[in-house]
Amino acid sequence: MKAYSAQTGAHDAEDSRRVCGGHGYSVLSGLPDIVCDLLATPTMEGDNHVMYQQTARYLVKQAKRVRDGRSADSSVAYLVAGYAHQRTKDGTQCPLFSKDFGYPENLLDILHHRAARCIFECEERLRLAEGDGSKPEVVWNKYMLDLILAARYHIECFVLEAFIHSASCIRDVALRRVLMQLCTLYALTTIESPFVIGSSAFLEDRYISRAQLEDIRDHVHGLLDALAPEAIGLTDAWDFSDASLKSALGRKDGNVYEILLDWTKQIPSVDGLADNPRRQWSSHPYPARSRL
């Protein structure tokens with residue numbers, strides 16, 4: 001979870017800065033500080049690549065248990081069904097269409113399918129290579145990228161499963177409806193999005209068809225329209241104070257330009273500009289009659 005949350009946080013913080021244009025680049029938006037803080041998290045307290053490999057090592061051990069006919073931990077119980085599918089290799093396709101993609105529980109099954117397939121493929125590659133006499137550390141390094149992806153796929157299953165459980169326990173009907181829509185949007189964009197790692201993995205074994213991808217995109221567009229009126233409420237629900245954000249853009253009162261002007265006046269290089277001829281010249285490097 002540390003690796004996944006750090007990677008996602010750093011990536012999405014930079015996206016947030018970009019969508020704010022020039023204001024996002026300004027330190028007065030607070031976003032450069034947030035981005036700098038989050039960019040360090042993939043490295044500190046455990047490098048992401050190392051953390052993913054620790055998860056991958058656990059997953060490979062669990063896959064071996066299932067292959068040997070033993071039980072798996074509850075967090076990876078989906079490996080049992082995944083192994084049965086891998087063993088038959090019958091080319092089973094996803095049975096969902098149209099409205100079926102509107103239920104996050106159905107989408108969790110799709111994520112489970114991808115994760116199980118990739119985990120067992122990694123376990124098989126390691127087992128066969130070591131059986132040929134290769135050193136375990138050499139084999140592990142050879143398939144490291146595949147192992148990291150398998151670990152990430154498993155974590156995405158874990159996140160979605162926790163999201164479904166938490167949202168379904170909410171008693172307020174209106175709030176539960178909005179959060180379940182958000183949960184469904186997360187699941188759909190994890191399956192099909194140009195900005196998500198590993199979307200093509202759903203197509204490698206033809207588990208999802210082109211027609212199903214079109215259905216998923218239609219659902220994403222519909223959910224974006226439905227959640228647009230809820231965006232401010234979902235953001236304010238985090239209850240970040242103005243002091244913690246240190247942002248002229250994210251202020252609760254919405255007085256963006258008034259605060260930008262007020263904070264700009266407090267910058268030492270701007271304060272007293274009218275009374276200092278040298279500062280006046282430095283802020284206007286070209287003569288008044290210049291043709292440039």
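Me: At what angle do helix 8 and helix 9 (residues 173–191) pack?

Reply: In this predicted model, local features need pLDDT of at least 70 and side-chain atom pairs count only at pLDDT 80 or more, while totals for chains, interfaces and linings use all residues. Residues are numbered from 1 along each chain as its sequence is written, and side-chain values use heavy atoms, leaving out hydrogens and water. With axes taken as lines fitted to C-alpha atoms, for helices over the stretch in contact, and angles running from 0 to 180 degrees between N-to-C directions, the axes of helix 8 and helix 9 lie 9 Å apart and the packing angle is about 165°.

Me: Which term describes how helix 8 runs relative to helix 9?

Reply: Angles under 35 degrees count as roughly parallel, over 145 as roughly antiparallel, 65 to 115 as roughly perpendicular and the rest as oblique. The angle here is about 165°, and therefore helix 8 is, relative to helix 9, roughly antiparallel.

Me: Which residues of helix 3 (residues 31–39) are buried?

Reply: Helices are DSSP runs (H or I, at least four residues), numbered from the N terminus, and buried means under 20% relative accessible area, exposed over 50%, partly exposed in between (1.4 Å probe, protein chains only). On the other side of helix 3, Cys 36 and Asp 37 are exposed, whereas the buried residues are Leu 31, Pro 32 and Val 35.

Me: Against which helices do the buried residues of helix 3 pack?

Reply: Contact means heavy atoms within 4.5 Å. The partners of these buried residues are helix 1 (2–19) and helix 2 (21–25).

Conventions. Helix = DSSP H or I, 4+ residues; strand = E, 2+ residues; numbered from the N terminus.
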